[in-house]
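Take a moment with the model before reading on.

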Amino acid sequence: MNRAPEHVAIIMDGNGRWAEARGLARSRGHEQGAAAVRRAVEAAVRLEIRTLTLYAFSADNWRRPEAEVNALLELFRSFLEAEGERCLAEGIRLSVIGRRDRLPDGLIRAIEHVESETAGGRRLDLRIAVDYSARDAIVRAAAAAPAGELSREEFRELLARAHHADPATPDVDLLIRTGSEQRLSDFLLWESAYAELLFVDVPWPDFEEADLRRALEAFGTRDRRFGAIPTAPAEQHPAVSDAFTRIEADVTIIGAGLAGLDCARALAERGLSVVIADRKRDLKQGVHTTGIFVRRTIEDFSLPPSLLGPPVRRVVLESPAGAQQVLESPHDEFRVGRMGAIYEDLLQRAILAGARWVSGATFSGARACERGSLVKLEIGSERLLVHTRFLVGADGARSRVAAELGLDTNRETIVGAEEVFTGVPSQGPPSLHCFLDPRLAPGYIGWIVDDGRELHLGVGGYADSFNPAAALSELRTRVAPRFDFSRAELVEKRGGLIPVGGILPRISTPRGLLIGDAAGAVSPLTAGGLDGAIRLSRYAAEVLAAAVERDDPSVLALYSGAEYQARFLSRRWMRRAISAVRSPLLVEAGCAVLRTPLLSRLAWHVFFGRGSFPEPDRSGLARLGVAEG
Ligand code: FPP
């Protein structure tokens, strides 16, 4: 087993592909690359690496499009200007190796300034290679060599001078290349003569401390003989002996649905370190919601309009016998979100703000520890231990996080199932049809949302008296004379548990809190569940940020579901009444009453009123001096 490497060099590859895979400009990949550089430097200090050389710009990179080159040079300048003070404070000596004669003046000034400012740093020698080519440096060193015999040591000195390096720098022990390619690309060819080479698939913007630790672990197992015979085993590096890969976070969120993703984005944009984990690898899979956004949500939160379907202003209530009651609004009341795309958009924004996304991860428990919780995640055969200040359950109606934190769990749920079609010709203006029929949907309703582009056909009901697949096919048959499914394409099937008991009273402890379905934040009666998911998760983010900033877990007590109970009381009773009526005849009579002018106003209000989810009471935060975020 080798000791820790003294000199680690990294070819930071994969920025461009990272960005392209997310539909972003390559320069965004480089920006994220700069964030990964900061993380790697911090990790190198912790792992007691003495010299870290990062390949930022090769002499051949001048051949890239001018705009990309300029963006990179500008990024280096701003990085050097921003990092100088931090390096000075942390004892890091920062220098740049490579040619300087082709660099812009502003960059040269920044290099000279940071080099003189940090020259005394002894903890880490951080070298950034810019306009660097190992072969050029060798040629220039050779050209500068005096006539006659030359020792390796003498040549080494000449070589260092040829690219502004310190001749005292040790040779490279470990050379890592990220981004799946296996080449040296003209990097430190002389200095890496006996380096151990490690090629990893992670693209540079995703490179984390855990990856560096794994690399050191791999280095530790390599048998370095330098051309000689095996050496006696050396002591293992203490920093890499954990069985788990361990990372730190202010907040760890389990569940990447709307509430979890939105909360992660809000926290990361406030500068907190956030981990968001989900079983899913692809956010477009396993969507649990129809995706109806109500007017209030659309007005209050900036949802990208391109990810919402056309506006719906019309609701049609349909009785068991097929009598219709049309409710019209002068406003755009609902829009159906393209949920997979909305999730991906939120995730991208969270990642760009610095959140760490752990996909394919099963939450396998959490235990209290000093300053928070240790959260266990399993990703295939890998295990990740997150030491987190706060844990957030955004893991659905049957939240495991709720159970782990000893918080309330949903008792009353119904089962929802839905099919999403394209290619069904529209029947009039975009409409939401609600089918009130206990044979079809015992305790709840059937629905069709037809916004002219997508048609969502769904049913909900109590699990004990309901077969969702049979009910879906029954509804399809029932509406077949009106909706032509002959050229329809079934693009998605959705399903899941919907909590209908209203928001749970105990949704926070000093260790964490619940959001979304886990908190029961779904309106017990109508569309508008997503409003609660967003409104509550924004408030949760404000409370969590205040707790982190004040380093005070007791702030989480401000996040309570008890205050909402009264607001949901009338809706809960209406739900109970609906679920108690299991006779189609009674429902038919109820529908007739609903069509009378007075009750028709009430129905209008239920669908188009603006009270789907109460605004959280921020007075507690205001008392702490927290401005609304
Ligand atoms: C290779 O990825 C990366 C580069 C050419 C630039 C490296 C720059 C950074 C990491 C940015 C910040 C650096 C500092 C020191 C602030 P690529 O663009 O070749 O990616 P691709 O192979 O996926 O196209």
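With which side chain does the side chain of T290 make a polar contact? The partner is the side chain of W447, at 3.5 Å. A polar contact is a pair of N or O atoms within 3.5 Å; within protein, one must be able to donate a hydrogen and the other to accept it, and residues adjacent in sequence count only if both atoms are side-chain atoms. T290 sits in the loop between β8 (274–277) and β9 (292–294). Helices (H or I, at least four residues) and strands (E, at least two) are DSSP runs, numbered from the N terminus. T290 counts as buried because its relative accessibility is 13%. Buried means under 20% relative accessible area, exposed over 50%, and partly exposed in between (1.4 Å probe, protein chains only).

A word on the source. This is a predicted model, in which local features need pLDDT of at least 70, side-chain atom pairs count only at pLDDT 80 or more, and totals for chains, interfaces and linings use all residues. Residues are numbered from 1 along each chain as its sequence is written, and side-chain values use heavy atoms, with hydrogens and water left out.

Now step back. The protein has 629 residues, and 53% of them are buried. Its secondary structure comes to 17 helices and 23 strands. Along the principal axes, the C-alpha atoms fill a box of roughly 110 × 50 × 50 Å.

Next, find the ligand. How many residues surround the ligand? There are 20, and the closest are D13, G16, R17, R26 and R64. The shell divides into 10 nonpolar, six polar and four charged residues. Ala, Val, Leu, Ile, Met, Phe, Trp, Tyr, Cys and Pro count as nonpolar, Asp, Glu, Lys and Arg as charged, and the others, Gly among them, as polar. Three helices, α1 (15–21), α2 (26–46) and α3 (66–90), each supply at least two shell residues. The largest share, five residues, comes from α2.

Look at the ligand's oxygen atoms. One lies 2.6 Å from an N or O atom in the side chain of R17. A polar side-chain atom of D13 is 3.0 Å from an oxygen atom of the ligand. For N15, a polar backbone atom is 3.3 Å from a ligand oxygen. On its own the ligand has 620 Å² of accessible area, and the protein covers 92% of that. Such areas come from the Shrake-Rupley method with a 1.4 Å probe; for residues, only the protein chains shown count as cover.

Stay with helix α2, where R38 has its place. R38 counts as partly exposed because its relative accessibility is 28%. R38 and F79 are 41 residues apart in sequence, and their C-alpha atoms are 9.3 Å apart in space.

Finally, turn to some loops. Most residues other than glycine have a negative phi. S185 has a positive phi, near 45°. S185 lies in the loop between β5 and β6, and its relative accessible area of 31% makes S185 partly exposed. R371 also has a positive phi, near 55°. The place of R371 is the loop between β14 (362–369) and β15 (372–379). With a relative accessible area of 47%, R371 is partly exposed.

Terms used. A residue is near a molecule or strand if one of its heavy atoms lies within 4 Å of it.
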